Amino acid sequence: MEKTNCLIIGSGPAGYTAAIYASRANISNVMYEGIQPGGQLTTTTEIENFPGFPTGIEGFDLMENMKQQAERVGSDIRSGVVTAIDLSKRPFVATIDGNTQIEAETVIIATGASAKYLGIDDEKKYAGMGVSACATCDGFFYRKKTVAVVGGGDTACEEASYLSNIAKKVYMIVRKDYLRASQIMQKRVSEKENIEILFNCNTVGLFGENGVEGAHLVRHKGTDKEEMLDINIDGFFLAIGHRPNTAFLNGQIALDEQGYIELKGKTTATNVEGVFAAGDVADPIYRQAVSAAGMGCHAALDVQSFLMEKGLI
Ligand code: NDP
């Protein structure tokens, strides 16, 4: 069976940074890119808060640059999804796309997080027919139409601003009476004339014949002011946060109560010796591209110490 000193799972900023550091430390490493090569940043537009790009950079370009940088220093980056992994003993054995296997002395889990859904049946019913969790992927289909974005955080504001440049009208459906987003994002939203914020509203269903034509909302749910409200929309975008991608670990790694991988102290070590985690999959607090990249660096340095300790490098 093929063997590597370091298997990196996931190709966001954490994975690529880990690959760059591992390669430059002369540690053999293989990265599997996962379902979404480049990770979440490939679905965002311009990134203004990653240092080193004074005029901003497109998310896709930033990830492509990281990939090229990792490859230039010798990383072996492959398309493929780690569908299962046996962490019961070292070397660990990972299964790729349900068939090929690879042995690894250490593993860096950098699988990031995926968009959350509300959990209402209509989201499934209208999947691909007006329901989306990625404005930059699907916004194009709603030119001069009316859409709604659910959520009141930075992602929701960013998606709403983006969609407001394409769609005729954008509703934001916010369950509280305020936005959680940063001031700068709130300001951007307030400056858009075609964005209307529906505060204190929860979505209870969607309707439409051959796709989404509207949403059933409840305002002031559970109070004496409770009222039903229907809005006519062509697209329904979720922006209510993300869930860490850990299903493939099948319970072998300790998670916190929110489902993020638990790390030991200030390191990237998990509860399994030789397995490290970096980026959004293990970061319930900051969840930024630059902090994920920082964690990827830490993970590679932790791998290096571990391999040296075990006399493997
Ligand atoms: P957040 O967790 O910050 O916000 C989620 C939003 O969705 C909140 O308004 C929350 O409401 C709402 N929500 C959650 N669950 C539900 C539900 N079941 N029904 C209705 N509404 C719901 O997630 P984000 O993805 O916005 O941001 C994640 C992190 O990434 C943050 O740290 C953010 O700052 C950062 N980020 C930064 C950006 C930038 O700087 N350009 C861009 C995008 C993200 P409530 O407030 O009531 O809990």
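**Helix packing and nonpolar cores**

Pro13, Tyr16, Ala19 and Ile20 of H1 meet Met63, Met66, Lys67, Gln69 and Ala70 of H2. The model is predicted. By class, the residues of this H1–H2 contact comprise 7 nonpolar, 1 polar and 1 charged. Helix H1 spans residues 13-24 and helix H2 residues 59-72. Their axes come within 9 Å and cross at roughly 20 degrees. Angles under 35 degrees count as roughly parallel, and H1 and H2 are therefore roughly parallel to each other. The crossing of H1 and H2 is left-handed.

The axes of H5 (residues 154-164) and H6 (residues 183-190) come within 9 Å. They cross at roughly 30 degrees, which makes H5 roughly parallel to H6. The crossing of H5 and H6 is left-handed. On the H5 side, the contact is made by Asp154, Cys157, Glu158 and Ser161. Met185, Arg188 and Val189 contribute from H6. The residues of the H5–H6 contact divide into 3 nonpolar, 1 polar and 3 charged.

In soluble globular proteins, nonpolar side chains tend to be buried together. Here, the largest nonpolar core has 56 residues. Leu7, Ile85, Val107 and Ile109 have the most contacts inside this core. Helix H7 (residues 289-309) gives the most to the core, with 9 residues. Leaving aside neighbours within four places in sequence, Val107 is in contact with Leu7, Ile9, Ile85, Phe92, Gly274, Val275 and Phe276. Another core, of 19 residues, lies apart from the largest one. Among its residues are Tyr142, Val149, Leu179 and Ala181.

Conventions
Residues numbered from 1 in each chain as written. Predicted model: local features only at pLDDT ≥ 70, side-chain atom pairs only at ≥ 80, totals over all residues. Heavy atoms only, no water. Axes fitted to C-alpha atoms, helices over the stretch in contact; angles between N-to-C directions. Helix = DSSP H or I, 4+ residues; strand = E, 2+ residues; numbered from the N terminus. Parallel < 35°, antiparallel > 145°, perpendicular 65-115°, else oblique. Left-handed = near helix turned anticlockwise from the far one by under 90°. Contact = heavy atoms within 4.5 Å. Nonpolar A, V, L, I, M, F, W, Y, C, P; charged D, E, K, R; others polar. Core = buried A, V, L, I, M, F, W, Y, C linked by side-chain atoms within 4.5 Å. Buried < 20%, exposed > 50% of the residue type's maximum accessible area, 1.4 Å probe, protein only.
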